Structure formats: structure tokens, C-alpha cells
Amino acid sequence: MKSGFYHNTPLAFAIFGGTGDLTKRKLIPALFSLVKEKRISDEISIVLVGRRNKDVIEFKEELLEFVKAYSRHKVKKDDWEAFAEKINYCRFDFEDEERGYNDLAKILENCHDRIFYLAVAPGLFEIIIKNLKKYNLIERDTGFQRIMIEKPFGFSLESAGKLNAAITKIIPEKKIFRVDHYLGKEMIQNILSIRFGNSIFEPLWNHHYIDNIQIISTETIGVENRGGYYDSTGVVKDMLQNHILQMLALIAMEPPVDLEPESIRNEKVKVLKSLRLFDKESAQKNIVRGQYGRGIIGGVEVPAYREEERVSENSNTDTFIALKINVDNFRWAGVPFYVKTGKRLDKKTTRIIVQFKKLPGINFYKNLNNGKPNLLVIKIQPEEGVFFQINAKSPGIDLIEPVKADYCHSCRADYNSPEAYEQIILEAIRNNSSIFTRWDELECSWKFEKSISESFEGIEPNFPNYAAGSKGPVEAAELLERDGRIWLDTFI
């Protein structure tokens with residue numbers, strides 16, 4: 001799949017954190033695909049900046065194995081050799097002003113268009129950006145220079161605010177591209193096309209016709225090698241505060257005046273500002289937290305969260321959350337948004353499910369009493385696609401059954417969908433900020449997170465409260481049953 005976009009001037013793409021997992025598993029395979037498909041300039045210089053002592057030849061061999069494992073393309077020798085020539089390794093401590101940044105400046109001197117990707121801890125963002133400006137690597141008169149910042153952007157509302165204030169004193173907001181890789185996923189980008197490219201949906205997209213919306217993102221994996229990070233973060237900061245709320249904003253936003261980046265982001269902010277914040281009483285009623293214990297995944301026994309590497313044996317970090325969210329505006333008054341996300345659950349899936357209300361008076365027709373609700377389901381992963389569920393008469397008998405008008409995006413014969421990071425890199429080069437988070441979006445998301453975290457302060461959870469491989473805590477099902485509803489991912 002080609003975007004039709006081609007950046008044809010010399011480009012420098014420098015990655016701080018160049019020896020990390022994100023670089024090896026995502027960024028280098030993504031750049032390889034973009035170069036191979038000629039969607040970016042062949043005159044690209046990829047500079048990996050790290051603190052480890054690496055032999056460049058051996059490091060490139062290591063990167064080759066990751067590209068073979070994670071690229072969408074079969075890696076041919078000629079393609080790899082041409083790509084590997086574009087990779088440089090620059091070793092220095094990110095706080096080493098004199099030698100490191102001067103060395104980097106020499107490598108980049110012939111490339112005026114520059115992107116700096118910060119795949120490092122948030123505590124290093126300000127230090128790196130300050131030195132990039134000090135040594136004239138950004139804010140130049142020729143070409144463009146942009147900063148891509150990997151999440152997490154801070155660890156709380158307060159830390160994120162301080163970080164943003166510090167960074168925007170150095171460079172303007174328009175040069176900052178805060179990465180949320182979910183926004184690069186094909187079906188997330190399709191939400192706007194589905195909503196605003198089809199006349200059948202917009203008249204129904206409100207509290208008059210929609211009963212509830214469910215956003216479900218579950219995983220079978222545990223914390224893998226991220227135990228230390230995850231134990232200080234938890235599911236709310238790792239998933240809800242960013243990925244989930246971004247999906248909610250896109251599905252709930254008003255039609256923008258146009259599809260320009262700032263118009264889209266303006267409408268997303270309005271939704272995030274409309275989220276009803278929690279207090280201790282509403283949190284106890286409308287939020288279910290969980291942490292997995294031992295269980296069976298794929299026929300194999302897996303450890304409890306507290307038994308994972310670099311996790312405290314008494315940890316109260318949540319690995320699951322289900323909650324009922326209210327969007328307090330005219331369009332969504334009275335429509336609950338149910339969210340469920342967690343680790344070590346029974347299946348891997350990310351879906352947005354829109355359940356429409358039953359037709360008024362339908363119960364008068366006895367033959368239609370067993371009809372199921374109309375559903376619009378956007379499948380994000382692992383399948384990609386969308387289906388609309390309607391009711392129709394069963395063959396030969398006087399009953400109706402649900403019928404799916406199903407479009408499977410990932411079933412197409414020519415399917416080779418770009419990975420999220422490919423699209424993210426490409427859009428940063430294009431200066432399309434619509435799939436990146438603006439500061440006011442993040443600020444609203446952190447305020448929502450804060451209302452949750454403060455509501456549970458001083459409350460000792462009864463963890464672990466669900467087995468690995470299960471559907472999560474039983475209270476999550478009860479959360480919807482109390483409203484006369486069910487989680488729909490189990491039945492579709």
C-alpha cells in the first residue's frame with residue numbers, strides 16, 4: 001500500500017534511545033518499509049543515539065534480525081544492504097553536552113530536514129531538547145526540524161504540566177509531535193471515514209438512537225519485560241489515559257468544520273473536556289479494578305502479576321479496569337460509555353461497539369421479540385474491519401436472526417496494511433499533526449486520570465481478584481448487569 005507521498009530531499013531521522021526495544025521492534029522495521037516502498041526519500045540518514053558501547057557492524061546484524069522478525073516485507077539481501085548503509089550509531093550520554101551533541105551535529109550537517117525521535121524516559125525529554133537547541137540542531141532557518149516524543153508524557157497531571165511548560169519554552173507547540181501509536185492504526189484512522197463518509201450514521205449518532213457505546217481492549221499477555229515500568233504505572237496510565245480516551249474522543253466528537261489537523265483536534269478536546277470526573281462515591285459505584293492471579297493461557301500455566309519479574313510481591317497495581325464513563329454534553333446525555341481493558345484475559349481484541357436502541361413499539365410484534373440490537377462494530381485488532389448487525393427473517397421459520405454486513409479490511413487479497421509506526425513516521429514528515437496529541441488533549445486526559453487515582457487513595461484493593469485466562473473480575477459483568485446490559489464482545 002502506497003500513500004502517494006514522497007519526501008524527496010535529504011532527511012535526517014535521529015532516534016534517542018537507539019538501542020532500545022522500541023527502536024529495534026518498531027522504528028527500524030517501520031523505516032525499512034517506508035524506504036523499501038519509496039514513501040520517503042532514499043536520501044535518508046538514520047542516526048541511532050545511545051549510551052551503550054556498540055560495534056556498529058554487529059549492531060546492524062542485530063537490527064537485521066529484528067527487521068526479519070517484525071517487518072511486513074520479506075527482507076532481501078540487496079534491500080537490507082542498501083538500507084543498512086543509511087544507519088549511523090552515535091554513542092554518548094544524553095547529558096554530555098560538549099562531545100556528544102557536537103558529534104551529532106557533524107553527522108547531520110548535510111541534512112536540513114530533521115526529525116528527532118525521543119524514545120527515552122520522560123525525565124530526559126527536557127535535557128535532550130535543551131541541548132538540541134543549544135547546539136543549533138533545531139530552530140534553524142533552513143529545512144524543518146520536528147520533535148517526536150514517545151509516551152508516557154509525564155506520569156501525572158502535575159508532572160506532565162511541568163514537562164510541557166519546560167519544553168514549550170524551548171520549542172513551539174507546532175514542532176512537537178506527541179506519539180500515541182494507536183492513532184496510527186488503520187481502523188482508528190478509519191473512524192472519521194466511517195462516521196462522516198456515510199449519511200446513514202450521522203442522523204443516528206446521538207442519545208436519541210444510541211443505547212450505549214463499549215470500548216474494549218484486552219490482552220492475553222502479561223507485563224513481559226516491563227514489570228518495573230508497569231508496577232509504577234498500572235492499566236489506567238498505560239492504556240486508559242491515552243489509547244482508550246483517544247478512541248472515545250474520535251467516536252464521540254462533533255463533526256469538524258473540515259478535516260484539517262487542528263479542526264479535528266479541537267473537536268476531540270471538547271469531548272475530553274466533557275468527561276464527567278469521578279469522586280470517591282461515583283468511583284466505587286462505576287469503576288471495577290483488578291489484578292491477575294495465576295491461571296492458564298493457551299494451555300500453559302502463567303504466573304500471577306505479583307510473581308512477575310521486577311514486580312513487588314505485595315503490589316496493588318491494577319492490571320484491569322472496567323468503568324462507566326459519562327460524556328456531559330447535549331449529543332451524549334444519558335448514553336453510557338463502557339470501557340474494559342486489561343492484561344492476561346481470555347482473548348486479545350480491540351473493538352468499539354455501538355449499540356443502537358430497539359425500535360419503539362417493537363414488542364407489539366410477537367414474531368420480532370427475539371430480535372437482537374442493531375450494532376456497529378469497529379474491529380481494530382487483531383482483525384481489522386467493520387460490521388453492521390441488523391435483523392432479518394430466518395429461512396423457513398417465522399423467526400428473525402441477527403445478520404452481519406461485514407467488511408473485513410485485513411481479509412483483502414492485496415492486504416499488507418502499514419504498521420502503526422510507519423504511518424506515524426510518515427505523518428510527522430508530512431507535518432500532519434491530526435494523529436498526534438496536542439497538549440490540551442493530554443491535559444484533559446490527565447485530569448480524568450487524576451480523578452480516578454484520587455478516588456481510590458487509601459482504599460486497599462482485594463488483589464488478585466481474577467485468574468489469568470479469565471474474562472476478568474466478576475464485578476465487571478455486574479457493572480453492566482446493574483444497568484440491564486451486557487458486555488457485547490463475548491457474543492459477537
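I began with a helix pair and noted that the axes of α10 (residues 261-273) and α13 (residues 439-455) come within 9 Å and cross at roughly 15°. The model is a predicted one, and I kept that in mind throughout.

Sorted by class, the contact of α10 with α13 holds five charged, three nonpolar and one polar residue.

Next I turned to the sheet of six strands, which is open, is paired in parallel and has the order β3-β2-β1-β4-β5-β6. I found its edges at β3 (87-91) and β6 (176-178), each of which pairs on one side only. From one strand to the next, I noted a twist that averages 20°. I looked up the pairing of β2 (residues 44-50) with β3, and these parallel strands are joined by five bridges; Ile-46 has Ile-87 in β3 as its bridge partner.

Across β2 and β3 I found helix α2 (residues 56-70), which runs at about 120° to β3.

I searched the whole structure for aromatic pairs and got 25. One of them is Phe-66 with Tyr-70, a stacked pair with 6.2 Å centre to centre and 15° between the planes. Because Phe-66 and Tyr-70 are four residues apart in helix α2, I put their separation at about one helical turn.

Last, I examined the open sheet of eight strands, whose pairing is mixed and whose order is β8-β12-β13-β7-β14-β15-β16-β17. Its edge strands are β8 (287-290) and β17 (400-408), each pairing on one side only, and I noted that neighbouring strands are turned by 15° against each other on average, direction ignored. Within this sheet I followed β7 (residues 210-218) and β13 (residues 336-342), which pair in the parallel sense over six bridges, and I marked Thr-218 as standing opposite Gly-342 in β13.

For the helices on this sheet, I recorded that α9 (residues 234-252) lies across β7, β12 (320-326), β13, β14 (349-356) and β15 (375-381), running at about 145° to β13. I also recorded α14 (residues 474-481), which packs on the sheet by touching β7, β8, β12 and β13, with a direction that makes about 15° with that of β12.

Key. Residues numbered from 1 in each chain as written. Predicted model: local features only at pLDDT ≥ 70, side-chain atom pairs only at ≥ 80, totals over all residues. Heavy atoms only, no water. Pairing = 2+ DSSP bridges. Helix = DSSP H or I, 4+ residues; strand = E, 2+ residues; numbered from the N terminus. Axes fitted to C-alpha atoms, helices over the stretch in contact; angles between N-to-C directions. Contact = heavy atoms within 4.5 Å. Nonpolar A, V, L, I, M, F, W, Y, C, P; charged D, E, K, R; others polar. Phe/Tyr/Trp six-rings, centres within 6.5 Å; stacked < 30°, edge-to-face > 60°.
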